Amino acid sequence: MKFKFLEHTGDVKFQAFGKNINELFENSALALKEVICGKIKVKGGRKKTIKVNGRDYESMLHNFLEELLYLLETEKFIMAKTKVKVKGLKLSAVVYGDKSGNYNFVNPVKAVTYSEIFVKYEKGRLVCQVVLDV
Amino acid sequence: MELKKISKNVYEIPKEGKMNVIGTIYASEKLLENIKKDKTLEQVKNVACLPGIIKASIALPDSHQGYGFPIGGVAAFDMDTGVISPGGVGYDINCSVRLLRTNLKKQDILEKQREIVEALYRKIPSGVGRGSSFNISKQELNKVLEGGARYVVEKLKLGVKEDYENTEERGCMEKADASKVSERAIKRGIGQLGTVGAGNHFLEIQYVDDIYDKKAAKIFGLEENQIIMMIHCGSRGLGHQVASDYIQAMENEYGFRGLSDRELVNAPIKSKLGKEYFSAMACAANFAFANKQIITHWVREEMKSFFPEIKIEVIYDVCHNIAKFEEHVIDGKKQMVCVHRKGATRAFGPGRREIPSAYREIGQPVLIPGSMGTASYILIGTKRAEELTWGSTVHGAGRVQSRTHALENLRGEEIKKELNKKGIEVKAGSWKSLAEEAPQAYKDIDEVVETVSELGISKKVARLRPLVVIKG
């Protein structure tokens with residue numbers, strides 16, 4: 001399983017999984033994409049590069065997901081998937097996606113929150129949790 | 001968790017552990033059952049642990065789980081020992097409601113509902129990614145951030161003086177300083193002035209269905225069957241980015257260790273960072289006021305094409321997500337405090353100077369949107385609210401079902417059919433957004449309004465029912 005959604009009355013809470021930190025972040029991006037676009041298939045013909053850092057894995061994850069929202073709002077770029085490389089507390093990623101105007105979106109995400117956020121090892125894999133303000 | 005019943009509709013979480021004050025929950029038994037089901041009470045407790053909080057961490061009858069503070073959460077902080085927390089305001093700074101009265105009657109609209117819904121939907125961008133046709137330079141945007149709805153009326157000539165006079169803060173929060181808003185926030189906001197956004201935001205045409213307080217209704221210019229319009233939106237990407245920026249800055253400056261939820265990161269009110277956040281938050285609040293002013297202008301233009309003689313006037317405009325410096329009476333003495341309202345409405349009683357002069361003798365208008373397709377209410381604030389809840393009341397029905405749950409169980413197409421059957425025209429960005437915002441996903445607005453009336457923290461003036469709904 002790449003990610004799953006959990007109950008949250010007001011907003012959207014998800015957990016993502018990965019065998020390493022890169023995959024964990026890539027799967028978190030897929031969860032975010034599913035919230036924004038539902039099950040719509042987004043073409044991945046265009047490419048953007050983003051770089052973020054953080055004070056810990058949680059804030060790096062937060063900043064990474066925020067950057068994807070920023071691309072959508074300011075450059076009208078919707079991601080299909082990402083290729084993430086984490087080194088220490090620095091992240092660079094190639095984001096594959098398309099012009100957002102080519103799709104009908106279902107859900108706005110206002111922000112990535114720090115509420116109940118975590119990144120941890122559990123049963124031999126990495127798990128993270130994020131609450132999105134929608 | 002221990003929860004003591006104090007009296008009808010009042011419950012207390014006694015002080016324990018790191019709590020500085022008690023938690024107070026205002027809810028009917030029925031509403032409390034829902035509140036208990038998620039993490040609302042835990043979040044009330046977390047807020048009670050913040051430094052400088054006065055009297056109690058409060059949850060109102062429509063409260064539900066949020067992030068950091070619960071939605072429907074109110075807390076006041078001492079100006080010297082207290083903190084200001086972006087998580088206590090929320091990302092959608094000044095998510096708010098503006099109510100417009102018209103000189104139309106219900107029967108004037110009935111034949112034209114479908115055409116009107118299409119026309120308004122085309123004119124006023126809503127939903128994800130629909131940009132605004134309102135072009136503005138960066139320099140001018142800075143002026144909007146510092147001048148709010150007042151600037152849009154006075155300088156851009158979109159509206160009349162009464163529009164901002166009848167807006168909370170007279171349409172412009174003081175202490176706004178655009179230099180405290182990041183480039184990133186500006187970049188997100190610049191194309192979004194004049195857009196409704198998505199989620200629970202909407203534009204509705206309603207009619208006055210019932211009047212409870214004739215005197216107040218007359219002062220608000222309300223009559224039975226009169227057509228009313230309601231705009232619900234906020235500060236869009238600009239506000240979201242302001243919150244994110246200052247959460248980050250406060251983490252860097254003060255850390256988050258010792259906080260029960262990382263989202264509760266904060267800064268002392270009088271610290272440099274605390275003041276900077278307030279100035280940036282005020283800019284975002286002004287963006288939201290300006291946003292609704294531009295939408296009001298477009299609504300006027302569009303409605304004129306259907307009804308050349310139409311008159312549209314602002315009744316009032318209230319903030320739902322905000323922090324403010326206000327004077328309150330504590331142990332018999334007047335004192336300035338910093339009140340955080342997250343998913344809550346100010347509800348000042350008669351006489352307060354913050355209330356527009358036209359309404360000052362009866363109390364502040366309180367606008368409570370119902371969930372999609374259900375009734376909305378106009379109330380007035382009371383002295384009782386100033387005693388109990390820092391002059392605050394509910395902001396809506398409040399969710400009871402998660403969005404994921406609503407999506408699993410409800411279909412947008414069916415919800416549209418149900419609304420059509422009730423005589424309501426609806427247009428939404430997607431079926432999914434209809435399902436997410438379905439009335440079934442919310443608490444019963446009538447129960448919520450009854451509870452605040454019983455508590456005396458606001459008084460019913462009129463009930464409104466929708467005829468046309470535009471959802472993001």
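Let's start where the two chains meet: the contact (heavy atoms within 4.5 Å) takes 37 residues from chain A and 41 residues from chain B. This is a predicted model, in which local features need pLDDT of at least 70 and side-chain atom pairs count only at pLDDT 80 or more, while totals for chains, interfaces and linings use all residues. Residues are numbered from 1 along each chain as its sequence is written, chains are lettered from A and ligands numbered from 1 in the order in which they are written, and side-chain values use heavy atoms, with hydrogens and water left out.

**Where the chains meet**

Between them, chain A and chain B bury about 3400 Å², with 47% of it on carbon and sulfur atoms. Buried area here is the accessible area (1.4 Å probe) that two parts lose on being put together, summed over both. On the chain A side, A:T9, A:K110 and A:Y114 supply 21% of the area buried against chain B, more than any other three residues.

Helices (H or I, at least four residues) and strands (E, at least two) are DSSP runs, numbered from the N terminus. Of these elements, α2(A) gives the most, with ten residues.

**Salt bridges**

Side chains of opposite charge can pair when their charged atoms come close. A salt bridge here is a side-chain nitrogen of Lys or Arg within 4 Å of a carboxyl oxygen of Asp or Glu. The structure holds 50 of them over all chains, and seven cross the interface of chain A and chain B. Here are some of the pairs:

| Pair | N to O distance |
|---|---|
| B:R262 and A:D56 | 3.2 Å |
| B:D209 and B:R463 | 2.7 Å |
| B:E276 and B:K272 | 3.2 Å |
| B:E386 and B:R352 | 3.8 Å |

The pair of B:R262 and A:D56 belongs to a network of salt bridges that also links A:R55 and B:E251. Within chain B, B:E276 and B:K272 are four residues apart in helix α10 (residues 272-306), so about one helical turn separates them. B:D209 and B:R463 are both buried.

**Chain B as a whole**

Chain B has 15 helices and 19 strands. Its radius of gyration, taken over C-alpha atoms, is 21 Å, close to the 23 Å that the globule rule (2.2 Å times the number of residues to the power 0.38) gives for 472 residues, so chain B is as compact as a globular protein of that length. Of those 472 residues, 66% count as buried.

A:K123 isn't a glycine, yet has a positive phi of about 45°. A:K123 sits in the loop between β7 (118-122) and β8 (125-133) of chain A and is exposed at 78% relative accessibility. B:R236 also has a positive phi without being a glycine, about 55°; B:R236 lies in helix α9 (residues 236-254) of chain B and is buried at 11%.

Conventions
Buried < 20%, exposed > 50% of the residue type's maximum accessible area, 1.4 Å probe, protein only.
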